[in-house]
Amino acid sequence: MKIEKFSHKFDYVKKKTIVLVGIMGAGKTTVGKILADRIGIQFVDADQEIERAAGCTITDIFEKYGEAEFRKGEERVISRILSGQPCVLATGGGAFMSQATRLLIKKTATSVWLRVSFEVLAKRLEKRSGRPLLQTVDPQQTLRALINKRYPIYNDADLIVDAKDDAVDITVSKVAECLGDYYNAKQSV
């Protein structure tokens, strides 16, 4: 698939941050980087910003302070990012679970859920380590439990894109098409 810049088609997108939400392994960072480049705006990874602010890795934060403290920091970092220039923001898998964060995203940005099946996620995540929530006796069972808990909340996103095991360019194009349709519908109202 030919890589195409979307910037000339998406001038209106540059006025509002696009927030990618979804469970770990959904492809938020990979899709977000390419989407931002094609639109011509900055890409920001919330997890990287959290690590920069904390001066240590997310795994270290979980181990030293626990998930609750990590989530408080995550809320602060996402709030700061959303108060800045429009960008494509990839959030951590649990960020959208915070009601305060969801409301702030709804008020200031456009949210896109990259929905992925358990089977695709399990395949993607089996080769990756460093996922604090999957450091359990049965990571697949933990992943299923996270899906059952989080997917109903992710459903509150403005847009839902099924991110199958397609090539990244296909998923980026799907997101861009959904954003275009969404903004065109808003402009015609």
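**Entry 1: threonine 91**

I started with threonine 91, which is found in the loop between β3 (87-90) and α5 (99-108). I am working from a predicted model here. Is threonine 91 buried or exposed? With a relative accessibility of 4%, threonine 91 counts as buried, because the cut-off for buried is under 20%.

Next I looked up what surrounds this residue. Leaving out residues up to four places away in sequence, threonine 91 touches Val19, Leu20, Val21, Lys28, Ala46 and Ile78.

**Entry 2: the chain as a whole**

I stepped back to see the layout. The chain has eight helices and five strands. Along the sequence I read the pattern β-α-β-α-α-α-β-α-β-α-α-β-α. Of the 189 residues in the chain, 47% are buried. I then checked contacts between residues at least 6 apart in sequence, and 76% of them join residues at least 24 apart.

**Entry 3: the nonpolar core**

Which residues have the most contacts inside the largest nonpolar core? I found Ile18, Ile23, Leu35, Leu89 and Val112, in a core of 56 residues. Helix α8 (residues 168-187) gives the largest share of this core, with six residues. As a reminder to myself, nonpolar side chains in soluble globular proteins tend to be buried together.

Not counting residues up to four places away in sequence, valine 112 touches Ile18, Val19, Leu20, Val21, Ala157, Leu159, Val161, Val175 and Leu179. Val19, Leu20 and Val21 were already in my notes as contacts of threonine 91.

**Entry 4: α4 against α5**

Two packed helices are described by the angle between their axes and the distance between the axes, so I looked up both. For α4 and α5 the angle is about 5 degrees and the axes are 10 Å apart. These two helices are therefore roughly parallel to each other. From α4 the contact uses Glu75, Ile78, Ser79 and Leu82, and from α5 it uses Thr101, Leu104, Ile105 and Thr108. Sorted by class, I have four nonpolar, three polar and one charged residues in the contact of α4 with α5.

I followed leucine 82, whose place is in helix α4. Leucine 82 is buried, with a relative accessible area of 9%. Setting aside neighbours within four places in sequence, I listed Thr17, Val19, Leu89, Leu104, Ile105, Thr108 and Ala109 as its contacts.

Lysine 107 sits in helix α5. Is lysine 107 buried or exposed? Lysine 107 counts as exposed, at 71% relative accessibility. The C-alpha atoms of lysine 107 and leucine 82 are separated by 9.9 Å, and the two residues are 25 apart along the chain.

**Entry 5: α3 against α4**

Last, I turned to the contact of α4 with α3. At what angle do helix α3 (residues 58-65) and helix α4 (residues 67-82) cross? Their axes cross at roughly 130 degrees and come within 7 Å. That makes α3 oblique to α4. On the α3 side I noted Ile58, Ile61, Phe62 and Tyr65, which meet Glu67, Glu69, Phe70 and Arg71 in α4. By class, this contact has five nonpolar, no polar and three charged residues.

Note on methods
Residues are numbered from 1 along each chain as its sequence is written. This is a predicted model: local features need pLDDT of at least 70, side-chain atom pairs count only at pLDDT 80 or more; totals for chains, interfaces and linings use all residues. Side-chain values use heavy atoms; hydrogens and water are left out. Axes are lines fitted to C-alpha atoms, for helices over the stretch in contact, and angles run from 0 to 180 degrees between N-to-C directions. Helices (H or I, at least four residues) and strands (E, at least two) are DSSP runs, numbered from the N terminus. Angles under 35 degrees count as roughly parallel, over 145 as roughly antiparallel, 65 to 115 as roughly perpendicular and the rest as oblique. Contact means heavy atoms within 4.5 Å. Ala, Val, Leu, Ile, Met, Phe, Trp, Tyr, Cys and Pro count as nonpolar, Asp, Glu, Lys and Arg as charged, and the others, Gly among them, as polar. A nonpolar core is a set of buried Ala, Val, Leu, Ile, Met, Phe, Trp, Tyr and Cys residues joined through side-chain atoms within 4.5 Å. Buried means under 20% relative accessible area, exposed over 50%, partly exposed in between (1.4 Å probe, protein chains only).
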